[in-house]
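User: I would like a close look at one part of this model. Please start there and then widen the view.

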Amino acid sequence: MDRTLLHTTLFLVLFSLIVLYSASGEELSKVLSQVRNLALAFGVMGLVARTNPQILERLAFPLYGLALLALIAVALFGEVSHGARRWLHLGPLHVQPSELMKLALPMALAAFFEWRSRTLNWRDFVVAGLMLLVPVGLVLRQPDLGTALLIASSGFYILYFAGLPWKVMGLLSALALAALPLIWPLLHGYQKNRILVFLDPTQDPLGAGYHTLQAMIAIGSGGVLGKGWLQGTQSHLDFLPEHTTDFIFAVFGEEFGLMGELVFLGAMLVLITRGFYIANEGSTPFSRLMAGALSMTLFTYTFVNMGMVSGILPVVGVPLPFLSYGGTSLVTLFSSVGFLMSVHHHRKLVKQ
Amino acid sequence: MSPPLRDPHQERWNFRFRLGVTWWLVMVLFLALIARLAWLQIVAQRHYHTLAEANRIAIVPLVPQRGLILDRHGVVLAENRYEFDLEITPHLCPDISATLEALTRLVTITPSDRKLFQKMRDESHGLTPVAIRTHLTEEEVARFSVNRYRFPGVDIEARLTRTYPLGLHASHLIGYISRINEEDQDRLEDEDLSDQYRGTNHIGKQGIESHYESLLHGTTGSEQVETDAAGHGLRSLAQTAPVSGDDLYLTIDAKLQQVAEEAFGLQHGALVAIDPETGEVLAFVSQPGFDPNLFVDGIDQEHWNDLNTSPDHPLNDRALRGQYPPGSTVKPFMALAALQLKVRSADYVLYDPGYFSFPGSSHHYRDWREGGHGKVDMTISIIQSCDTYYYSLANEMGIDRMHDFFTLFGFGQKSGIDLDGEVAGLYPSTVWKQKKYHQAWYAGDTVISGIGQGYVLATPLQLAVATAMLANQGKRMTPHLVRAIRHAESGKITLIAPKVSQTLTFRPEDLETVRNAMVGVMKPGGTAAQAGAGALYSMAGKTGTAQVVGVRQGEKYNASALTEHNRDHALFIAYAPADHPRLAVAVLVENGGHGGSTAAPIARQVFDYYLLGKRPPPAAPTAVPHD
């Protein structure tokens, strides 16, 4: 077990429970339910931490195949809810295959690059690109722009760390920029709306811009020191939407102020830096690539969520690591941390 | 192209380099995030703090209780009573038509209730309660309350409503409150009062309710309530209590008012009774009346049409706004003017052939008595109401001197009573006619003005004020309806001091001449002898008849040949006791014919009640059909 990771994680967990108690409107049952989620997540973390990355590497392709099939199944017979086809009903189980893909894609890509590491050439990057684009395209069709971008980014980090040439990245970004006007008409109305409102949240303060505006009011009114725990008016008086999940950072910012946010960001930076350090000492390409990509995913979630809540990014459904309430994202998060621990634990065993 | 073998060390170095670059990128992006947060929480903190406060605090108006209106003895004329309405919140009610069906078995719901409900429901969004019945009886409230569990979405709503317990009585004088309309809203905004009326739905529209609106309304308080995003109040943060409106004690004696109104029977008209020494108005009658309670919650079309298009004009305040030719009731004032201005002495005797004519003219200004009154002095001219005497007196005095004298008695100008919408009446002059019609004044105009006809118009209120001035030896008090104001907060009572409008000095013997003549009117031989018969106090009065349609030369006035609406108005002015007057009264009975026979008996009942406490005998069964 890596102590830095463990202690920082434990600190953030305690922190999150305190914030959740306030954000839930002092509802102890919600905190207890999150404690149950945490117990499960810790179990998974421990399990992953003790598993050799090589075993996970072997699981990568089957997992990817399974996730891909599930995504195709969703496209064919998925359950429509809120105008989107995201869920698959398997008897009593309700599965969201795009969640599975968030881990399966980077694992499969990392395994692919490990397999090709000796003779890596540009064709491998084309194949990897296709492995990335197919699931991302399926999720985009659901439609779920936020998740598609997150899956794409986690896959991209693998490509990037695997050595995707800078020139290609430059070319891709140029192409993406040029394609923006072409993509715009393909976007759904609510997606366009989110982007427009993001550019000027005040144009629709009671509609689509409401969430962002109320979140900005919450954070801004918190000031440097915050209003104090349980003293945030914006969340306690129900002005904030999703105040235990995607917008919990606004509650946190209102009550704990800039100082509290710096503490949280500091802890996240410790985790990410530690992740990078572990990635550097990883024994196999698979573990190195995975450790780097998972650390970056952790950063991406943190940055996108905080950027959205503070009004510098459009509203996308991304939970804030550790703070947001919810079982699935916790399990994904803790298995990532567990994976980093495992990479750290198995660094020397293979070296010799 | 064969793929080259990769150098593992080169690969590791590349990976490490990319990690490093990425770590710095993470740092830069985190710093950007921190910069954004710092901007929100340091630079813009004040702005967002204000927004957050505005978000959570709602100012809720606390509506003051409207002041009561009471008569001089404390009889309640206007009060606030709890009313119970039955309301349905459509979105909470699963099946409205079935609910209505079931409700009909518990409370009376008329088709017009349903119609109104349907209309208001169409206008609302279904989230707010809509009244299906207003003014539930206590029994209905009890019956529904027991069965309430069967009616989801149906509730009883209690609210304070203005009620006028006397109903039809004193309706014009009390007035009414009604819903604030756009016009009222504009006026309130102009007067910078719209804050005061936040939460208030009603405003005084007529009578005392309107004139004393600012006192009756009170001061609106406010409560700062913390709210959630849906606007639901969670807790009170601060409160400024409202101050109830002041209670008004009127000068009116409700019982006297009722006696006076009942004395009219089914006749239309007006009566004003004033205490000559103070100007306090003890009765202020306009018949027929209306029920002010109908207006409080918005009058329905049917009732409104009834009131508005009725040929009886029940909404018209005849005492305040009705302008009538005063007829012969001007004669005592003419006589006093003659004495005061030394135009004629009291013992000057005129021979009345039954008409007055200008020298060299064949036009006859006829006296009401065919053949005339013979030898007439001033006293007889008043007792018998001789027209010829006043035709010639007016001719001698001239219209401008008459105008100036009558103006001193309040004719042709507002009395200044504390009611809105008073009209001024009219006393003509040469200047006035020139201005109004661009015509010269004719001597004939003067002659008929001498008997209160022609252009002369007066309101019953003006006649009462002038009579009171006569009774009060030339001191004209401003008539007023509010005697005392009880301040809601302190409980302190402020009495309204009598105000003098005009003081004239007369020679006592002149006043006595006129008074004695007016006392004679009530005695055998006088025009109101019948009404004066058997009075236990001395009464000074004067009858009058106001022509509605002109009678042409050579024709005779024939009441029975005219439709009722064209018949003459009957007038009567009086004060009593004659030697020490306590009450001055003016009565007008529309189309009542002779003042002596219809108007004077009404005044007599008022005096009897006021001076002797004598109630008139129960009214004889009237022609009103009974079920």
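In chain B, what order do the strands of the open sheet of five have, and is the pairing parallel or antiparallel?

Analyst: The order is β12-β11-β23-β22-β21 in chain B, with antiparallel pairing. Strands here are DSSP runs of E with at least two residues, helices are runs of H or I with at least four, and both are numbered from the N terminus. Two strands pair if DSSP finds at least two bridges between them.

This is a predicted model, in which local features need pLDDT of at least 70 and side-chain atom pairs count only at pLDDT 80 or more, while totals for chains, interfaces and linings use all residues. Residues are numbered from 1 along each chain as its sequence is written, and chains are lettered from A and ligands numbered from 1 in the order in which they are written.

Angles run from 0 to 180 degrees between N-to-C directions, and axes are lines fitted to C-alpha atoms, for helices over the stretch in contact.

B:V272 stands opposite B:F284 of β12(B). Helix α10 (residues 254-263) of chain B lies across β11 and β12 of chain B. α10(B) runs at about 30 degrees to β12(B).

Other strands of chain B pair too. Strand β10 (residues 247-250) and strand β18 (residues 482-486) of chain B run antiparallel, joined by four bridges. Here B:L248 has B:I485 as its bridge partner in β18(B). β18(B) is also joined by three bridges to strand β19 (residues 493-495) of chain B, again antiparallel. B:A484 stands opposite B:L495 in β19(B). β18(B) and β19(B) form a hairpin with six residues between them. In its turn, B:G491 has a positive phi of about 75 degrees.

Chain B as a whole has 23 helices and 23 strands. Of its 627 residues, 40% are buried, meaning that 20 or more other C-beta atoms, placed from the backbone, lie within 10 Å of the residue's own; 12 or fewer is exposed, and in between is partly exposed. Among its contacts between residues at least 6 apart in sequence, 73% join residues at least 24 apart. A contact puts two C-beta atoms, placed from the backbone, within 7 Å.

Chain B also touches chain A. That contact takes 35 residues from chain B and 42 residues from chain A. On the chain B side, α1 (8-43), α2 (45-56) and β8 (221-227) each give two or more residues. The largest share, 18 residues, comes from α1(B).

In chain A, helix α2 (residues 28-49) packs against helix α13 (residues 327-345) at an angle of about 25 degrees, with axes 7 Å apart. α2(A) is therefore roughly parallel to α13(A); the cut-offs are under 35 degrees for roughly parallel, over 145 for roughly antiparallel, 65 to 115 for roughly perpendicular and oblique for the rest.

A:L103 is buried because 24 other C-beta atoms lie within 10 Å. A:L103 and A:G155 are 52 residues apart in sequence and 9.2 Å apart in space, C-alpha to C-alpha.
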